[in-house]
Amino acid sequence: MNVIGTVGLPGSGKGEAANVAEAAGVPVVVMGDVIREECRDRGLDPAEHHGRIAGLLREEEGDDAIAARTIPRIREAADDAEAETVLVDGLRSTVELEAFREAFGDEFTLLAIHAPFELRAERLGERGRDDSDSDLEALRERDEREIDLGLGETLERADVEIDNTGTLEAFRDRVREVLGIAAESDSHATGPADARGGESP
């Protein structure tokens with residue numbers, strides 16, 4: 001089983017990568033679902049308490065709490081779909097990265113998705129999921145929170161990188177490439193084959 005984990009700042013394209021995987025029949029496990037489920041178990045609105053509960057889980061169960069709760073979901077998703085590849089959406093720290101590397105070894109590949117601040121702000125504004133999506137200062141603060149949590153260092157330790165500044169279709173093609181559902185044809189990023197020493201995707 002190949003496990004592809006994604007990491008990126010808000011608006012970089014992680015959600016679209018997940019959409020590409022789902023469209024191709026690749027199971028997607030969203031780490032944030034662990035937190036949303038815990039919010040509901042505690043009788044709290046995930047929209048209001050997501051960040052606080054994420055922090056509490058790490059305090060109560062360790063810095064790798066969310067990863068530890070996600071790992072069984074990955075195996076279950078692979079078994080249920082009889083899939084060779086699973087996409088994990090939303091790593092944020094090196095602690096989580098190490099947890100996945102320990103659990104899956106060479107079968108785990110970390111995919112970093114990059115896009116500049118202005119482009120990410122534009123995309124989030126168009127998406128308009130909530131009021132903060134169109135607030136540049138709020139986005140800067142979100143970036144800082146993510147980086148403080150360890151996302152910056154996690155991005156630096158990625159096995160594969162995609163520069164998501166081109167067309168949507170070009171990005172989708174690169175994601176398919178990394179997932180091993182299209183032939184490699186783009187030289188701008190290294191696919192998982194190279195990251196793992198020459199295996200065919």
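The following exercises, with worked solutions, concern a predicted model.

**Exercise 1.** Determine how helix α1 and helix α9 are oriented relative to each other.

*Solution.* Two packed helices are described by the angle between their axes and the distance between the axes. Helix α1 covers residues 14–23 and helix α9 covers residues 168–179. Their packing angle is about 60°, and their axes lie 10 Å apart. Angles under 35 degrees count as roughly parallel, and those from 65 to 115 as roughly perpendicular. The helices α1 and α9 are therefore oblique to each other. The crossing of α1 and α9 is right-handed.

**Exercise 2.** State which residues of α1 and α9 meet, and classify the residues of this contact.

*Solution.* On the α1 side, the residues are E16, A17, V20 and A21. On the α9 side, they are L168, F171, R172, V175, R176 and L179. The residues of this contact comprise seven nonpolar, no polar and three charged.

**Exercise 3.** Decide whether T94 is buried or exposed, and identify its contacts.

*Solution.* T94 belongs to helix α5, which spans residues 94–104. The relative accessible area of T94 is 16%. Buried means under 20%, so T94 is buried. Apart from neighbours within four places in sequence, T94 is in contact with G150, E153, T154 and R157.

**Exercise 4.** Locate V28 and describe its surroundings.

*Solution.* V28 lies in strand β2, residues 28–30. Residues up to four places away in sequence are not counted; V28 then touches A18, A21, E22, L87 and D89. Between V28 and A78, which are 50 residues apart along the chain, the C-alpha atoms are separated by 9.4 Å.

Definitions and conventions
Residues are numbered from 1 along each chain as its sequence is written. This is a predicted model: local features need pLDDT of at least 70, side-chain atom pairs count only at pLDDT 80 or more; totals for chains, interfaces and linings use all residues. Side-chain values use heavy atoms; hydrogens and water are left out. Axes are lines fitted to C-alpha atoms, for helices over the stretch in contact, and angles run from 0 to 180 degrees between N-to-C directions. Helices (H or I, at least four residues) and strands (E, at least two) are DSSP runs, numbered from the N terminus. Angles under 35 degrees count as roughly parallel, over 145 as roughly antiparallel, 65 to 115 as roughly perpendicular and the rest as oblique. A crossing is left-handed if the near helix is turned anticlockwise from the far one by less than a right angle, and right-handed if clockwise. Contact means heavy atoms within 4.5 Å. Ala, Val, Leu, Ile, Met, Phe, Trp, Tyr, Cys and Pro count as nonpolar, Asp, Glu, Lys and Arg as charged, and the others, Gly among them, as polar. Buried means under 20% relative accessible area, exposed over 50%, partly exposed in between (1.4 Å probe, protein chains only).
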